[in-house]
Amino acid sequence: MTQENRQALSEGFRDGIPIGLGYFVVSFTLGIVARQVGMTPFEGFLMSLLNNASAGEYAALAVMITDAPYMELAILTLIANARYVLMSAVLSQKFSPDTPFYHRIFVGFDVTDEIFGIAVARAGKLNPFYNYGAMLTALPGWSIGTALGIIAGNILPPSVVSALSVALYGMFLAIIIPPSRKDKVVGVAVIASFALSFISSIFFSEISEGTRTIFLTILIAGVAAIIRPIKD
């Protein structure tokens with residue numbers, strides 16, 4: 001490993017420490033939900049290790065709780081994680097043209113909101129070892145936190161487990177509030193999603209929660225794209 005790669009790896013690891021700590025706390029509550037599905041600590045660890053996606057994993061667990069079909073699970077997870085395709089496209093332009101393809105594959109394995117944020121903010125061309133350094137803290141924090149959350153869910157009283165599961169909703173609020181304050185269209189879309197989700201749960205209760213989520217996601221995002229298209 002060259003000196004340049006070692007330095008990039010070290011800087012990525014340093015910048016990824018806060019991300020790893022944050023992931024550990026959030027994934028702990030995800031483990032509480034995974035325990036309700038019936039996952040073992042190892043299964044939860046493996047799930048988060050191979051799929052480091054908070055919203056995508058929670059959406060998948062929500063569908064699994066309702067015993068929905070596999071196709072619904074696949075479609076909902078695809079929609080929930082679709083933003084990572086755009087993030088990966090942006091990161092690919094940050095790489096030097098001669099960056100080997102296997103580096104692009106490995107970096108693409110763990111493109112999350114937070115890792116994308118610190119990577120795209122780097123000046124100049126992006127060294128893939130910087131992402132590897134951030135991944136060294138993000139992946140263990142997320143996967144170990146999920147496993148410990150399942151263990152805690154098996155030990156703690158049901159009332160405490162129920163209280164901890166509420167923390168996951170706090171994570172989603174932290175995700176949607178900042179962009180809603182910056183862009184009114186996003187804010188309206190968020191409010192519309194709350195209202196339409198409530199209405200659909202009353203008038204279309206015979207349709208599974210996962211199917212309603214897929215339909216509303218496409219509908220609201222499509223209308224927002226028509227009203228306020230992004231030109232660039």
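Predicted model: local features only at pLDDT ≥ 70, side-chain atom pairs only at ≥ 80, totals over all residues.
## How the helix pairs are described

Two packed helices are described by the angle between their axes and the distance between the axes. Each pair below is given in those terms, followed by the residues in contact.

## α7 with α5

Helix α5 covers residues 83-94 and helix α7 covers residues 113-120. Their axes come within 11 Å and cross at roughly 20°. Angles under 35 degrees count as roughly parallel, and α5 and α7 are therefore roughly parallel to each other. The crossing in which α5 passes α7 is left-handed.

On the α5 side, the contact is made by Arg83, Tyr84, Met87, Val90, Leu91 and Lys94. On the α7 side, the residues are Asp113, Phe116, Ala119 and Val120. By class, this contact has seven nonpolar and three charged residues, with no polar ones.

## α7 with α1

The axes of α1 and α7 come within 10 Å, and the crossing angle is roughly 165°. Because angles over 145 degrees count as roughly antiparallel, α1 is roughly antiparallel to α7. This crossing is right-handed.

From α1, the residues Asp15, Ile19 and Tyr23 meet Glu114, Ile115 and Ile118 of α7. Four residues of the contact are nonpolar and two are charged, and there are no polar residues.

## α7 with α8

For α7 and α8, the axes come within 11 Å and cross at roughly 150°. The two helices are therefore roughly antiparallel to each other, and their crossing is right-handed. In this contact, α7 contributes Ile115, Ile118 and Ala119, while α8 contributes Tyr130, Asn131, Ala134, Met135 and Ala138. The residues divide into seven nonpolar, one polar and no charged.

Two helices, α1 (3-37) and α8 (128-155), each supply at least two residues of the lining. Helix α1 gives the most, with five residues. By class, the lining of this pocket has five nonpolar, seven polar and five charged residues.

Notes:
Residues numbered from 1 in each chain as written. Heavy atoms only, no water. Helix = DSSP H or I, 4+ residues; strand = E, 2+ residues; numbered from the N terminus. Nonpolar A, V, L, I, M, F, W, Y, C, P; charged D, E, K, R; others polar. Axes fitted to C-alpha atoms, helices over the stretch in contact; angles between N-to-C directions. Parallel < 35°, antiparallel > 145°, perpendicular 65-115°, else oblique. Left-handed = near helix turned anticlockwise from the far one by under 90°. Contact = heavy atoms within 4.5 Å.
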